There are 2 protein chains.
Amino acid sequence: MNDQATPSGEMLAPVAEQITIIGVGLIGGSFALALREAGADCRFVGYGRNEATLVRACELGITDRYSTSIEEAVSGSDVVMVATPVGAIDAVFNDLADVIGPDTVVTDAGSVKQSVITAARNRLPIIENFVPAHPIAGTEHSGVEAGFASLYHGKKLILTPLKETSQQAINKVSALWSMAGASIEIMDPQRHDQVFAATSHLPHILAFTLVETLYRMEQKDSLLRYAAGGFSDFTRIASSDPVMWRDICLHNSDSLLAVIDGLQDGLDTLIDAIKQQDGKKIEQLFKIAKDTRDFKILNDAQPKETE
Amino acid sequence: MNDQATPSGEMLAPVAEQITIIGVGLIGGSFALALREAGADCRFVGYGRNEATLVRACELGITDRYSTSIEEAVSGSDVVMVATPVGAIDAVFNDLADVIGPDTVVTDAGSVKQSVITAARNRLPIIENFVPAHPIAGTEHSGVEAGFASLYHGKKLILTPLKETSQQAINKVSALWSMAGASIEIMDPQRHDQVFAATSHLPHILAFTLVETLYRMEQKDSLLRYAAGGFSDFTRIASSDPVMWRDICLHNSDSLLAVIDGLQDGLDTLIDAIKQQDGKKIEQLFKIAKDTRDFKILNDAQPKETE
């Protein structure tokens with residue numbers, strides 16, 4: 001039940017009676033599972049390019065039914081959640097344009113917001129009904145089997161609404177994500193793309209690049225068998241979905257290139273200090289990093305193996 | 001008891017009756033705790049520059065006694081374990097030269113081996129008694145309070161003996177580390193320094209540099225509050241001891257600069273692909289990384305939050 005009782009006990013209408021999930025993977029699947037676990041009394045319809053995935057989503061109890069026709073999949077839905085990689089969103093919006101009802105709220109879960117907003121402006125017939133969103137949650141696993149109900153518990157959900165977005169649409173999407181366990185924050189889309197280029201996209205790109213670099217070295221000098229505890233942790237995010245991260249690189253290029261540039265400056269400073277055997281400088285750089293990590297970034301309780 | 005029974009039940013002499021630990025931090029302290037837990041019937045003597053640490057090590061049951069005189073600290077010891085940051089080892093060897101007995105085995109736990117071997121050749125009077133070693137274990141914590149008995153369980157211990165090192169000394173150090181839970185591997189010191197530049201030093205340097213880069217950005221654009229699950233894991237090793245890692249940079253510069261160079265090549269390739277919006281190339285690089293991570297690197301059982 002997602003009927004909400006007012007203080008006087010009067011029942012309100014459920015937030016949504018039917019939600020279409022386009023792209024039933026880790027993010028879309030977990031969204032449905034989280035709402036079900038929270039008692040949302042609504043139907044979930046799956047849509048996507050791979051029918052086997054859509055069938056599996058029904059078997060796993062994520063969706064109630066699916067369709068390979070987008071028209072049929074969105075028919076009767078209050079909300080359409082687009083949870084595909086960012087690179088597919090423009091085409092999905094294009095397909096939605098012809099079939100979406102005038103009252104259906106469209107939202108997404110993309111890790112980049114400016115390019116998704118541009119796609120929405122270009123494609124969607126009623127921009128007031130579009131609510132751009134980004135849940136700050138994930139694992140290194142992907143696909144329909146990877147979803148779980150608690151993925152969003154205690155996590156942030158960033159909304160980057162357009163000036164045209166209706167308050168009603170914002171309220172509906174916020175209510176669903178709150179029910180899924182997330183806490184809502186509003187951000188400017190440009191700032192969103194800059195902040196997450198630094199705190200999420202850059203670390204992922206670095207992990208991929210580090211492991212790809214070691215792959216090149218591995219060919220001539222078998223070394224990965226010596227990669228121990230800390231390395232495993234440090235590179236876990238290099239197991240993330242290459243297509244999702246390819247799309248993020250393509251769609252958030254400006255912000256990402258800027259932060260890669262900042263990192264290269266940092267590396268160049270360190271290289272110079274190493275070449276000059278400037279221990280004081282090296283220690284200072286590492287000390288800043290340690291203090292930042294220890295005091296500014298959420299830590300886990302347990303120490304982990306590092307070397 | 002570290003007396004060992006032969007198959008016929010005859011008792012052999014203990015591996016060591018007294019071990020001096022120079023530098024009673026995470027690595028040296030855990031070594032003593034591991035041997036005690038394994039039942040080693042030997043005394044541990046602490047030595048280091050900070051008397052408060054030496055006192056605390058006795059309180060914590062790591063050492064039986066300590067001395068602020070190196071002569072007194074090593075007197076009567078079968079084995080001296082040097083577990084300081086790599087940058088301090090040359091000075092420690094210099095101090096040991098005048099006070100070490102002719103039968104005392106000297107070993108270290110430094111993350112770099114070629115420079116430690118050079119220091120040993122320059123300083124130690126009986127090079128046959130020196131056994132260079134590197135336990136592939138650690139946490140992001142450091143100091144006397146950070147030690148624990150199981151740190152080395154199931155971990156590798158790399159020995160990089162000199163051609164002069166006596167087999168007896170190698171056997172003694174191997175026996176102690178085996179008792180501490182580690183499995184012994186022999187490596188060439190140059191190869192050691194190259195392999196660990198890639199699999200350990202480079203990831204640590206990258207984590208420090210990433211966090212230091214974000215620190216610079218944080219000054220103008222508060223963003224670290226958005227650093228979620230994967231970021232915390234990815235940057236955990238940036239909490240490691242700045243002095244230890246400064247010394248590794250200074251003492252393994254050639255190998256480290258070579259692998260940083262390899263990483264910069266990887267970043268440059270990615271930057272070009274992003275600038276050219278070459279999705280195929282980006283996906284290919286990330287796919288190589290994901291496959292390498294998934295199939296070549298020891299994984300933890302549980303998925304972790306990443307974004």
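Predicted model: local features only at pLDDT ≥ 70, side-chain atom pairs only at ≥ 80, totals over all residues.
Contact between them involves 14 residues of domain 1 of chain A and 17 residues of domain 2 of chain A. On the domain 1 side of this boundary in chain A, at least two residues are supplied by each of helix H4 (86–97) and helix H5 (114–123), and the residues of that side comprise five nonpolar, seven polar and two charged ones.

Helix H5 of chain A also has buried residues, namely A:Ser115, A:Val116, A:Ile117, A:Ala119 and A:Ala120. The elements of chain A against which the buried residues of H5(A) pack are helix H4, strand S5 (105–108), strand S6 (130–131), helix H7 and helix H9.

Between the two chains, 85 residues of chain A are in contact with 85 residues of chain B. On the chain A side, two or more residues are given by each of helix H7 (189–218), helix H8 (229–234), helix H9 (242–251), helix H10 (253–275) and helix H11 (279–296), with H7(A) providing the largest share, 21 residues. Classified by residue type, the side of chain A that touches chain B contains 46 nonpolar, 22 polar and 17 charged residues.

In chain B, helix H7 (residues 189–218) includes B:Gln194. This residue, B:Gln194, counts as buried because 21 C-beta neighbours lie inside 10 Å, where the cut-off for a buried residue is 20 or more. When neighbours within four places in sequence are left aside, B:Gln194 is in contact with A:Asp221 and with B:Ser255. Although B:Gln194 and B:Ala258 are 64 residues apart along the chain, their C-alpha atoms are separated by 8.8 Å.

Nonpolar side chains in soluble globular proteins tend to be buried together. In the present model, the largest nonpolar core has 196 residues, of which A:Met81, B:Met81 and B:Leu202 touch the most other members. Apart from residues up to four places away in sequence, B:Leu202 touches A:Leu210 of chain A, together with B:Ala197, B:Leu256, B:Val259, B:Ile260 and B:Leu263 of chain B.

Technical notes:
Residues numbered from 1 in each chain as written. Chains lettered and ligands numbered in written order. Contact = placed C-beta atoms within 7 Å. Helix = DSSP H or I, 4+ residues; strand = E, 2+ residues; numbered from the N terminus. Nonpolar A, V, L, I, M, F, W, Y, C, P; charged D, E, K, R; others polar. Buried ≥ 20, exposed ≤ 12 C-beta atoms within 10 Å, placed from the backbone. Core = buried A, V, L, I, M, F, W, Y, C linked by C-beta atoms within 7 Å.
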